[in-house]
Amino acid sequence: MIRLIGRTSHANTTPDMSMATLDEGAALLDAVLESARAEIAVADESGVIIATNSAFRRHFFRDGDPTGMRLDQLVAQTDQQPMLDMLHLLAGALHGSTELSMFSRETFLDTDRWYEVTAASLGDHPGAVLRAHDVTELVHASQNGSHSRTQDVLTGVLTEQGLRDALRQEMVRALTTRCVVMLDIDQFSVIRQTLGYEAADETVRQVALSLQRHVPQGGHLARMMGDEFCITFEPQSVLDVDQVSSALRDAVRQPMTIRGRSVRITASVGITMTDPDANLDLAMQHAELAMQEAGKRGGNRCVVYAPELAEPQEGMMRLWNALRSALQFRQMEVWFQPVVSLATDRPVAAEALCRWHHPQFGDIAPGVFIPIAERNSEILNIGSFVHGRSAEVMNVLRSSRTTSLGNFQISVNASPNELAWPEFAKNMLARIKANDALPEWFALEVTEKALQQRDPNVMVNLQIIRDAGVTISLDDFGTGYSSLERLRDLPVDRVKIDRTFVATLMENERTERLIAAIITLADELGIDTVAEGVETSEQAAKLRSLGCKSAQGFLFAPAVPDSELVAVLRDLSTASARRPW
Ligand code: C2E
Ligand code: MG
Ligand code: MG
């Protein structure tokens, strides 16, 4: 027998409706609720439980009876997780028109039971119904490994392997056009950081559940990894593709209740159509590219795959493949750009800058290939090559005796990844030694970003190199996030004022004040200053008046191959000798 409170004010009852009719209605409802293979509770619009079935009472109230109680009273009385989740879900459904769903776990005496819970408003009738379904067996089966290869433990949907198996079997039966949809939750890392890992898992479970409802008949849903899902189905028409992908995106957008908190999320969706005999991997890659594009455009949208989307990716792959053999095929060179003293106009250093000439692609700028090399160990090979060449060139310069070198240095750049490599310092010093050079002939240019890394190897490497006598120079200063004051704490001997400041020096008074402040602080700390990107004599004069020690830029010389370096340095020295300062 269900517990039902008669409600004479119900929209569908009339004041003269007889008690007999009400009883019949109650008996019918009783039969319906008892026959359902789920635990069920119904609440009216004021949040009072008006009906429950015996399965619900047995599981969640140990045969007690919550009928007639308000949801907020029940919430105050219970500390049971599934019950709290359910009550919040039911309350949510009373105030909204959509169906809400979640997985909830109950832990009792170290044993877990899992429930799939949904709550929905009663359509035109005031009130809402809650259904809880025990899915413990399913979860256990997948956790015990019997489903784990093909069925996702967290959500119960297919794994990537499961999806591939299913599609392979289907393709044997019939070759049909398929739609592949990839879906990724936007800003998922923010959800994880703000709500915690368990709530993030819960979110993924609920998203899976919502998506499952919109997968067309015969289609599949799989969780690929993390918060990424793949849906495949055979569309009946183009309209079908549109409708299904929008429905999937909308399903994710419905507010969800995660551990009692209302959470709203959006998703980036990528879509592609496959030919009947298409390569499945390629189709998935295309859908993923389209999904990434949707994310790049701000998320919460669907993007259909187009071949243009693959171009940058393919271009990057081609470059990466070419980069791996660039040193072997002697396509890399090191060029040198002089740095001059602003006091004497004489060259005091040269920066080693890597150049790559590819026989088919032509000259590739370091701004393009260094970031690619930085993503893997190729940057270490490039670094070793530059250190070796710089040491060789230094020996040539010293033996040429064409310029008075004094404390002349070659400065080399180091990327954050290189500095984090445990062997970096050892390797650099070994290269210098192997070429009969001395550490004090060199400076190492590092960026603020490299110094902000948490990796302890960075500071250890810097310390070893500095102790050996190499000057540490802070490159592109001012472009990072650290304040001017941070200069006090950094283990550096020199700062290079970024060329973006020099470019606006003559028009912008604030820039002038900023450069003046950098120079004053550096002087106070005994740190040397170099201005980058000096292109006009007005800029050089202004920097000199502000007390900047040296400068580098097209005004003096561009980067040149080592074969031209001696001549360029000689020209700069002679020109300086003719200047009045
Ligand atoms: P960076 O260390 O700031 O190097 C200075 C860049 O400014 C060089 O560009 C140089 O050619 C350019 N430049 C010099 N004078 C002027 C000027 O007056 N005006 C303008 N507009 N630009 C000027 P490049 O050679 O394209 O190098 C770009 C960046 O690539 C470098 O920036 C450096 O961070 C990186 N890089 C270059 N070679 C290497 C290398 O061997 N290893 C590593 N890790 N990074 C490198
Ligand atoms: Mg540099
Ligand atoms: Mg720089």
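**Notes on the metal pair and its surroundings**

1. The magnesium ion (ligand 2) lies 3.7 Å from the magnesium ion (ligand 3), and Asp 475 coordinates both. Please keep in mind that this is a predicted model, where local features need pLDDT of at least 70, side-chain atom pairs count only at pLDDT 80 or more, and totals for chains, interfaces and linings use all residues. Residues are numbered from 1 along each chain as its sequence is written, chains are lettered from A and ligands numbered from 1 in the order in which they are written, and side-chain values use heavy atoms, with hydrogens and water left out.

2. Let us take the magnesium ion (ligand 2) on its own. Its donors are Glu 351 (OE), Asn 413 (OD1), Glu 445 (OE) and Asp 475 (OD), at 2.0 to 2.3 Å, and along the sequence they are spaced E-x61-N-x31-E-x29-D. Asn 413 sits in strand β17 and Glu 445 in strand β18 (residues 442–447), so this pair ties together parts that are 32 residues apart in sequence. Donors here are N, O and S atoms within 2.8 Å of the metal (3.2 Å for Na, K and Ca); water is not among the atoms, so sites may look incomplete. Strands (E, at least two residues) and helices (H or I, at least four) are DSSP runs, numbered from the N terminus.

3. The cut-offs are under 20% for buried and over 50% for exposed, with partly exposed in between (1.4 Å probe, protein chains only).

4. The magnesium ion (ligand 3) has Asp 475 (OD), Asp 476 (OD) and Glu 532 (OE) as its protein donors, lying 1.9 to 2.2 Å from it. Their spacing along the chain is D-D-x55-E. Asp 475 belongs to strand β19 (residues 471–477) and Glu 532 to the loop between β21 (528–531) and α20 (537–545), so the pair ties together parts that are 57 residues apart in sequence. Asp 475 is buried at 7% relative accessibility, and Glu 532 is buried at 6%.

5. Strand β17 (residues 409–413) also holds Ser 411. Ser 411 is buried, with a relative accessible area of 6%. Leaving aside residues up to four places away in sequence, Ser 411 touches Ala 350, Glu 351, Ala 352, Ala 443 and Glu 445, where contact means heavy atoms within 4.5 Å.

6. Do have a look at ligand 1 as well. The side chain of Glu 351 has an N or O atom 2.9 Å from an oxygen atom of ligand 1. For a nitrogen atom of ligand 1, the distance to an N or O atom in the side chain of Glu 535 is 2.6 Å, and for Glu 418 the corresponding value is 3.2 Å. Taken alone, ligand 1 exposes 800 Å², and the protein buries 82% of that; the areas come from the Shrake-Rupley method with a 1.4 Å probe, and for residues only the protein chains shown count as cover.

7. Finally, two backbone angles deserve a glance. Most residues other than glycine have a negative phi. Arg 330, not a glycine, has a positive phi of about 55°; it lies in the loop between α11 (307–326) and β14 (332–341) and is exposed at 76%. Asp 345 has a positive phi near 65°, lies in the loop between β14 and β15 (347–358), and is buried at 2% relative accessibility.

Conventions
Polar contact = N/O pair within 3.5 Å; in protein donor to acceptor, adjacent residues only side chain to side chain.
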